[in-house]
There are 2 protein chains.
Amino acid sequence: MNDTKKLGRPRTFDYDDALMEAMGVFWAKGYDGASLRDLTKAMGITGPSMYSAFGDKRELYLKTIDRYADVNGCEPVVIFETEPDIEKAVRGFLEKVIKYATDNGSGAKGCFLASSVSTNIGQVEGVAERVAAAIDDTDRRLAARFDEEKEKGTLPADFPSLERAALLYDIRQGYMFRGRAGWTEEDLRKDLDHRVQMILSH
Amino acid sequence: MNDTKKLGRPRTFDYDDALMEAMGVFWAKGYDGASLRDLTKAMGITGPSMYSAFGDKRELYLKTIDRYADVNGCEPVVIFETEPDIEKAVRGFLEKVIKYATDNGSGAKGCFLASSVSTNIGQVEGVAERVAAAIDDTDRRLAARFDEEKEKGTLPADFPSLERAALLYDIRQGYMFRGRAGWTEEDLRKDLDHRVQMILSH
DNA sequence: TGATTTATATATTGCTCGATACATAAAGCA
DNA sequence: TGCTTTATGTATCGAGCAATATATAAATCA
């Protein structure tokens with residue numbers, strides 16, 4: 001679209017790489033906790049470069065969200081979509097969610113959107129719409145998989161795909177919440193069987 | 001225990017009232033968003049009085065949490081405990097949650113703990129333990145009601161009270177999340193019947 | 001080459017934050 | 001009535017924040 005050659009000194013850093021680094025900082029420290037110093041240091045650029053390339057802190061944040069939504073589908077959802085057996089898919093989804101929710105390793109717990117960004121909904125303008133779109137998208141992706149199973153006959157024709165998809169999503173949110181409050185992987189795994197059964201019950 | 005008369009000038013404001021005012025500010029603006037100016041103005045006291053009476057901002061926050069946990073049981077839970085008919089109790093619980101989650105009136109959405117405090121778990125020391133205790137307490141209160149129904153014979157003897165209680169709690173968390181992201185009451189009410197049925201299914 | 005344009009680096013801005021030093025007011029105790 | 005203790009009010013602290021002004025470096029275009 002815009003093929004016109006650019007004038008002036010070219011950027012000396014990679015835009016997308018810098019965005020990914022910024023995402024990591026926001027993920028680990030949250031929006032308020034991530035200072036411009038933290039961000040620009042991780043991105044390997046100086047303050048003015050950040051402002052000229054991304055606008056301001058808020059715009060940078062929104063851009064990391066958009067990038068995440070475009071590229072990184074949350075891993076649990078990908079597992080749910082690719083595992084052939086539907087019961088294993090549901091179980092695999094929840095197991096991955098539990099792993100994410102209780103992994104203290106990197107400092108970046110859970111799905112960026114569901115776990116980190118979601119806490120800034122009321123605080124940073126533009127976040128709510130993006131989170132809402134992400135929830136909607138995930139609901140639909142999960143429901144689509146259930147619909148496939150209905151066509152294959154693995155699930156009954158009257159299986160309420162969208163309701164179960166939304167329930168699965170909310171269960172994920174519950175796990176994330178409990179994980180952040182200190183529940184261990186072992187704790188959360190206790191009613192895994194029960195929940196898999198509930199999701200697929202008819 | 002400590003009946004010794006106090007020396008010196010007595011406090012000219014009511015401790016508990018000030019705490020409730022502070023809670024309102026934290027509720028509406030979050031921990032970071034609530035500045036000392038906001039807090040002391042709402043409490044009707046000056047900075048030094050706040051520090052001498054409550055310690056610092058973080059301690060004030062923790063004290064509002066403890067006070068909320070002691071006094072204000074979340075209204076949905078109370079409804080669930082008092083409504084005689086178990087199906088109406090579950091429905092009433094969820095309806096109240098949806099109301100809370102989508103009410104834009106006061107600026108203080110949802111349960112203070114589940115909706116506001118929970119977003120600061122990783123950020124403010126001492127919050128995680130309190131939230132964990134609150135989840136645990138709520139799980140048990142919900143499960144206790146199911147157990148009562150089992151004794152009355154309204155629910156089957158093998159009804160998994162604790163699992164359903166935890167599920168009910170996580171559904172609440174999901175509603176809160178969607179509400180904050182912009183879902184309307186009408187949106188959330190759509191699969192209310194489905195979820196009531198799931199919670200009570202056997 | 002010189003002119004233009006854009007990115008970078010240094011240094012610094014004004015602001016708000018949480019927290020306090022200081023002096024004063026008001027209580028109990030002798 | 002002093003003396004001690006605690007709360008209050010004013011005024012302000014240093015730190016850290018997001019954001020910029022200014023000058024310099026590196027590219028394209030004539």
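**Entry 1: symmetry.** I superposed chain B on chain A and got a rotation of 180° with 0.1 Å of shift along its axis, at RMSD 0.1 Å. I then looked for the C-alpha of chain B nearest the axis: that of B:Thr119, 2.6 Å from it.

**Entry 2: ground rules.** This is a predicted model, where local features need pLDDT of at least 70, side-chain atom pairs count only at pLDDT 80 or more, and totals for chains, interfaces and linings use all residues. Residues are numbered from 1 along each chain as its sequence is written, while chains are lettered from A and ligands numbered from 1 in the order in which they are written.

**Entry 3: the chain interface.** I found 30 residues of chain B in contact with 30 residues of chain A (contact: C-beta atoms, placed from the backbone, within 7 Å). On the chain B side, helices H1 (15-33), H8 (127-152), H9 (161-181) and H11 (192-200) each give two or more residues. Helices here are DSSP runs of H or I, at least four residues, numbered from the N terminus. H9(B) gives the most, with 11 residues. By type, I read 12 nonpolar, 11 polar and 7 charged on this side. Nonpolar means Ala, Val, Leu, Ile, Met, Phe, Trp, Tyr, Cys and Pro; charged means Asp, Glu, Lys and Arg; the others, Gly among them, are polar. Of the interface residues of chain B, 97% are also interface residues in chain A, so the copies meet through the same surface.

**Entry 4: DNA strand D.** H2 (36-43) and H3 (47-54) of chain A and H3 (47-54) of chain B each give two or more residues. H3(B) gives the most, with 5 residues. The surface divides into 10 nonpolar, 9 polar and 7 charged residues.

**Entry 5: H8 of chain A.** I read 26 residues in this helix, 127-152, reaching 38 Å from first C-alpha to last, close to the 38 Å expected at 1.5 Å a residue. The expected span is 1.5 Å times one less than the number of residues. Its buried residues include A:Arg130, A:Asp139 and A:Arg145 (buried: 20 or more other C-beta atoms within 10 Å of its own, placed from the backbone). The buried residues of H8(A) pack against H4, H5, H6, H7 and H9 of chain A, together with H9 of chain B. A:Gly153 follows H8(A), with a positive phi near 90°.

How values were computed
Contact = placed C-beta atoms within 7 Å. Least-squares fit on C-alpha atoms with pLDDT ≥ 70 in both. Buried ≥ 20, exposed ≤ 12 C-beta atoms within 10 Å, placed from the backbone.
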